[in-house]
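Walk through this two-chain model with the sequence and the structure side by side. Start where the chains meet, then take each chain in turn.

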Amino acid sequence: MNSDQLPGPVEARLDRLRGRALPVNHNARTISALAANPGCPRRALMDAAGVDKQKIAAHIGYPAPFGQSRFAITRGNAFEARVKENGAAQLLTLLRDRLDLDLAEVGYTDFNDVGGNPSRELRHVRTRQGLIGPHYAPRTLFDHPLLRLRVGGRHAYLEPDLIALRLDGTFHVIEIKSFPVIDGQADPAKVAAAAIQSAVYVRALRDLIADAGGDPGRVSHETILIAPRDFASQPVATSLDVRKQLGVLDRQLVRMTKIEALLEPYPETLTFDLDPDDDGTPRRPREELAAAIAVVPADYAPECLVTCELCFACRAEAAGSTGALGKSVREDLGGIEYNAQVLALARGQLPSAEQAEIAVQLLRAAQLREQLLGEAVP
Amino acid sequence: MAETIEALERRIDELRVAVREAVLAGDPALASARRAELKRAEQAWEDALTAATALASPVLAGPVLAGPVLAGTVSAGTVPASPGETAEPSGSLLPLREQVYEALSLLQVPAAPKLIATVHEAFFGSTFPTTKVTSLKRDEERSFRTAPFARPYYICAALSADYLSPSRGLLAVSTWPMERRVIGSLSPRVDFLTAAIRVADAIERIPTPPLSARRLLQRFAASIPGAAPGPGSAPAGPDRVKPDVVRRAADAELSVHADADSRMRKEAADRARRQLADAEQLFGSKLQPVTEETGPVGEG
């Protein structure tokens with residue numbers, strides 16, 4: 001059943017890295033964020049091991065600034081429940097309009113568990129059977145099917161809200177969100193995030209079908225976003241074309257380093273375990289955990305502030321480095337690592353051979369600055 | 001007073017979700033705090049209801065089809081009382097299980113706690129918090145296992161056709177035939193259409209149906225092609241939705257699904273009777289049975 005999983009040793013090392021806790025699932029958001037910053041080994045390793053970055057960040061004293069509030073989660077769940085209640089009444093009405101569903105296309109199957117068993121492997125097998133198996137009940141809507149995506153040589157389980165399978169064999173990914181669509185317009189950042197997330201699901205579903213010998217083109221690049229109209233609860237359905245996002249995602253997935261290579265430089269005993277007591281309170285000494293984390297370098301950039309729960313910790317660590325100011329900044333500064341070095345060169349310090357070229361530019365910039373502001377570089 | 005009860009019911013629903021989230025997220029401290037809040041909200045609801053009952057005219061019991069509507073409604077949105085109706089709060093003397101039985105007997109199909117509460121409020125004059133309904137199934141199972149078939153009926157589960165496991169969120173009546181208590185892939189929609197017809201029938205039996213009943217029918221009609229007045233006319237208020245129109249539209253769509261659904265349900269019911277003991281037939285199988293339906297497992 002798990003024949004595609006990595007060989008034992010890598011799995012064991014990742015388990016060791018994570019410690020006692022259960023693995024945190026990848027979701028489409030973390031995968032799209034991971035693909036967006038593939039150069040950060042710390043993040044790549046932690047996500048591969050399924051480490052709970054939120055808890056770790058909190059324990060070392062840098063709690064993450066984001067994550068949905070309890071009320072947002074409750075509101076989101078309540079909206080989704082309303083859309084799906086009464087035999088998916090509202091959902092069917094929306095899809096009959098948006099996708100031109102046939103009157104007969106009303107099948108609804110729940111993949112949240114298998115006969116009460118929530119095991120991910122079981123759910124994935126059953127999802128495969130349901131989506132592409134020949135002998136299955138009349139089907140149209142699949143609720144929380146469990147897909148898999150190869151990420152960095154490893155499988156991540158993914159859970160779209162819904163997948164619709166048409167009588168003609170076409171698949172559509174459907175996401176339910178609770179941000180409002182007012183007069184046909186929604187928060188562009190949120191729509192963009194939903195589009196990337198849907199693209200990840202499209203990719204996973206296409207891979208599933210291709211692996212089974214089918215035509216991945218059956219998965220439409222048109223996905224559906226269901227959100228409340230205005231601030232009332234009435235749902236409205238919008239189509240998203242995710243071809244562009246698919247292209248970006250595919251390029252990034254190809255570039256990602258395999259996990260074995262990432263693990264290689266570090267001792268087998270390295271672990272981010274929190275050593276929780278019976279109430280779940282972490283007992284591992286803060287400094288010890290911070291030291292373990294520091295063993296694996298990070299690649300902090302301001303983008304981390306919206307995508308990774310460790311951002312404050314890594315930012316503090318990167319303070320004084322040019323990379324922390326932005327991805328392109330270090331390039332513009334000729335690859336020099338620290339702000340202090342840059343300023344020293346600008347003040348006239350003797351450069352090394354590699355620094356010669358950028359030193360000339362920095363001196364020139366300092367001159368201009370002095371002319372404009374009337375003061376030397378501090 | 002009306003706002004208090006209704007707001008409390010919404011708060012209780014939200015807190016239930018919050019407790020579940022906290023438990024599943026592995027945060028016991030948060031879960032405890034939320035549970036305490038939930039208990040306080042439920043107690044506040046009881047107190048408010050007691051206070052309301054103390055003010056009310058003689059308590060309504062049994063099927064009551066008169067006008068007064070309990071102000072705390074759990075149906076969609078707030079329902080302002082129309083001029084001709086008094087929003088007199090009232091309570092039922094019946095135990096919860098009997099109220100649920102009343103509502104399910106009207107619907108004649110497995111239903112979720114929210115719909116059950118709405119139907120009871122619309123046609124029997126009183127409602128109850130959905131949180132109490134979800135724990136009812138557990139209590140009924142305990143009662144059955146202690147003394148099987150001792151009661152004339154039990155509020156039980158509906159079983160999913162594939163694994164005969166309890167279908168999440170649905171309640172049924174034990175005296176119904178097995179075929180009605182199994183859920184195939186078409187059954188959610190089929191049962192929705194059937195429920196619409198039953199509600200339409202029930203409304204036609206009442207000389208002056210209460211607003212909550214007409215609103216319920218309106219909500220059904222909004223999701224059935226041909227049941228609501230067409231586009232271009234004024235938005236379908238509860239007064240413009242006609243029971244016989246809804247019935248005919250629901251029947252029309254039902255005819256598309258009925259045969260396939262019956263076949264699936266019969267096959268699943270036969271399997272349930274063959275494979276499951278009495279308690280499992282009523283409350284679902286917790287194990288994962290090996291059936292022809294699971295197919296070749298682990299083909300990857």
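**Where the chains meet**

In this predicted model, 35 residues of chain A are in contact with 31 residues of chain B (contact: C-beta atoms, placed from the backbone, within 7 Å). On the side of chain A that touches chain B, α5 (70-98), β1 (108-110) and α6 (120-132) of chain A each supply at least two residues. Helices here are DSSP runs of H or I with at least four residues, strands are runs of E with at least two, and both are numbered from the N terminus. The largest share of that side of chain A, 13 residues, comes from α5(A). By class, the side of chain A that touches chain B has 14 nonpolar, 16 polar and five charged residues. Nonpolar covers Ala, Val, Leu, Ile, Met, Phe, Trp, Tyr, Cys and Pro; charged covers Asp, Glu, Lys and Arg; the others, Gly among them, are polar.

Two points on reading the model. It is predicted, so local features need pLDDT of at least 70 and side-chain atom pairs count only at pLDDT 80 or more, while totals for chains, interfaces and linings use all residues. Residues are numbered from 1 along each chain as its sequence is written, and chains are lettered from A and ligands numbered from 1 in the order in which they are written.

**Chain A**

Chain A has 15 helices and eight strands. Its C-alpha trace spans about 80 × 50 × 40 Å along the principal axes. Of its 378 residues, 37% count as buried. Buried means 20 or more other C-beta atoms within 10 Å of the residue's own, exposed means 12 or fewer, and partly exposed lies in between, with C-beta atoms placed from the backbone. Among contacts in chain A between residues at least 6 apart in sequence, 61% join residues at least 24 apart.

Return to α5 of chain A. Ala88(A) is found in this helix. Ala88(A) has a positive phi of about 60°, although it is not a glycine. Ala88(A) is also buried, with 23 other C-beta atoms within 10 Å.

Next comes a helix pair. Helix α7 (residues 188-211) of chain A packs against helix α8 (residues 243-255) of chain A at an angle of about 65°, with the axes 9 Å apart. Axes are lines fitted to C-alpha atoms, for helices over the stretch in contact, and angles run from 0 to 180 degrees between N-to-C directions. α7(A) and α8(A) are therefore roughly perpendicular to each other. The classes are roughly parallel under 35 degrees, roughly antiparallel over 145, roughly perpendicular from 65 to 115, and oblique for the rest. From α7(A), Ala195(A), Ile196(A), Ala199(A), Val200(A), Val202(A) and Arg203(A) meet Gln245(A), Leu246(A), Leu249(A) and Asp250(A) of α8(A). This contact divides into seven nonpolar, one polar and two charged residues.

Now look at helix α12 (residues 311-318) of chain A. Its buried residues are Cys311(A), Ala313(A) and Cys314(A). Seen down the axis of α12(A), they fall within an arc of 165°, so they line one face of the helix; the arc is that of the directions from the helix axis to the C-beta atoms. Their cover includes α4 (53-59) and α11 (304-307) of chain A. Just after α12(A), Gly320(A) takes a positive phi of about 90°.

**Chain B**

Chain B has ten helices and three strands. Along the sequence, chain B reads α-α-α-α-α-β-β-α-β-α-α-α-α. Buried residues make up 43% of its 300 residues.

Begin in the loop between α3 (96-107) and α4 of chain B, where Gln108(B) lies. Gln108(B) has a positive phi of about 65° although it is not a glycine. Gln108(B) is partly exposed, with 16 other C-beta atoms within 10 Å.

Helix α4 (residues 113-124) of chain B then packs with helix α5 (residues 130-146) of chain B at about 120°, their axes 9 Å apart. α4(B) and α5(B) are therefore oblique to each other. Pro113(B), Lys114(B), Ile116(B) and Ala117(B) of α4(B) make the contact with Thr130(B), Val133(B) and Thr134(B) of α5(B). By class, that contact has four nonpolar, two polar and one charged residues.

Terms used. Two residues are in contact if their C-beta atoms, placed from the backbone, lie within 7 Å.
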